Amino acid sequence: MNVTISSTSEKPIYQQLYEQISAQILQGELESGYCLPPIRQAALELGVSVITVKKAWEELERSGLINTVTGKGCFVAEFTPEEMLRIRNEMVLKQMGSDIQYYKSFGLTLEEVTALLGKIY
Amino acid sequence: MLALDVRHLNKKYQNFQLRDVSFQLEQGYIMGFIGVNGAGKTTTIKSILNMIQMDSGEIHILGKNIAEHEMELKQEIGCAFGDVNFYTRSRIKTLTGITKKFYKNWNDDTYYKYLSRFKLDENKKIAELSTGMRVKYSLTLALSHGAKLLILDEPTSGLDPVSRDDLLDIFQELIVGGEISILFSTHITSDLERCADYITFIEQGQIVASAEKNELKESYRLISGSEADLSRVKDRLISYKTNSFGFTGLIHANDIDASVTLDAAIPSLDEIMIYFAKKEGVKEGVYV
């Protein structure tokens, strides 16, 4: 597991944690059954508050990416390729949603946005 | 369990008043206590420690009322004040020798561990220590008697960035086990951005908010817009500043509705403090 936290980013730290870990799970870098460090230990090592880590772990669990086994810890969940695709799409759509607000603020149409995206993709 | 439960604390001085101060700290977490100079942080802390007599209110520490179990609870509390001046002509060794007699659970190993971590020389006189060193020494004493609740008044204020970082590391190490809780007051909010789980914000002797750090920040928005926009939202703003671009002001997230189409950002703890401090001025028309 590999995370970089930026205290100057506008994104709350728990969200940074959530995004980086979920990306690593979805990209297969963290395999199912991988045991995440305990919340308080992770907070100490990352130099962030306990509640910040707790929130990130809870968010990962809500997305179905990890499972909590009481008394044992948090483990990367097992999922089928279809489930993985669904979770990935949900995440990408969420990101796109906020980007779209930005495009709309300039009054861009879908065609214009697609054309622009085509240029840099 | 609650490590600290402050309920309806009132204390009246001639020119200053703590009004119905209430907040709770759950065991195993770090709470930052913020507010500008003179907001009531030290008075609150001194009341918690029963160092000043409150007019009314109740304080429970680790489930017990401090008024009834003061001697017993003081064994469980470690405290440090940024500005305390010990008997300055004594050596560290001498002062420690006196202090440790008061504590049943004093641990020499812990004491020497922190002494060397903080690079404190036992043979130095207090007068020879820098401000930072004095803070570190009082923390060493607080940590050496197995305290479950640490109450620290501006522990980081006299420290350089490296020592502050080290101190915050120690705070985080201390709470890993989930047994120790820390309340510390500060106005260096970057310390809190890093390690505090909860924030309690006091302003003019009253608690403005006490909540989980992110929730607290997310309950406000910093909005900016033109002067024409200002007239539409003015009544709802906690306070605002104007400049040649228009205005920037702090607003409760709940007070934002569809009519407010302005740029909104989540404020930092500093910004929340700054705009609240301006609040009284707005009411009196100073900033209008």
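Guide: Across the interface of chain B and chain A the rule finds one salt bridge, that is, a side-chain nitrogen of Lys or Arg within 4 Å of a carboxyl oxygen of Asp or Glu. The partners are Lys55(A) and Glu212(B), with 3.3 Å between the closest N and O atoms. Keep in mind that this is a predicted model, where local features need pLDDT of at least 70 and side-chain atom pairs count only at pLDDT 80 or more, while totals for chains, interfaces and linings use all residues. Side-chain values use heavy atoms, with hydrogens and water left out, residues are numbered from 1 along each chain as its sequence is written, and chains are lettered from A and ligands numbered from 1 in the order in which they are written.

Between chain B and chain A there are also nine residue pairs in polar contact, both at pLDDT 80 or more (a pair of N or O atoms within 3.5 Å; within protein, one must be able to donate a hydrogen and the other to accept it, and residues adjacent in sequence count only if both atoms are side-chain atoms). On the side of chain B that touches chain A, the elements giving two or more residues are H6 (161–175), H7 (189–195) and H8 (213–218), all helices of chain B (DSSP runs of H or I, at least four residues, numbered from the N terminus). H6(B) gives the most, with four residues. By class, that side has six nonpolar, five polar and seven charged residues.

In total, 18 residues of chain B are in contact with 14 residues of chain A, contact meaning heavy atoms within 4.5 Å. The area buried between the two chains is about 1200 Å², and carbon and sulfur atoms give 50% of that (accessible area, 1.4 Å probe, that two parts lose on being put together, summed over both). Tyr29(B), Gln172(B) and Val176(B) supply 36% of the area that chain B buries against chain A, more than any other three residues.

Now for what sits behind. Chain B is assigned domain 1 (2–216) and domain 2 (219–287), with bounds from an automatic or database domain assignment. Between these two domains of chain B about 1100 Å² is buried, 69% of it from carbon and sulfur atoms. On the domain 1 side, Thr189(B), Phe201(B) and Leu216(B) lose the most area to domain 2 of chain B, together 40% of what that side buries. Here the rule finds zero salt bridges between domain 1 and domain 2 of chain B.

Methods. Ala, Val, Leu, Ile, Met, Phe, Trp, Tyr, Cys and Pro count as nonpolar, Asp, Glu, Lys and Arg as charged, and the others, Gly among them, as polar.
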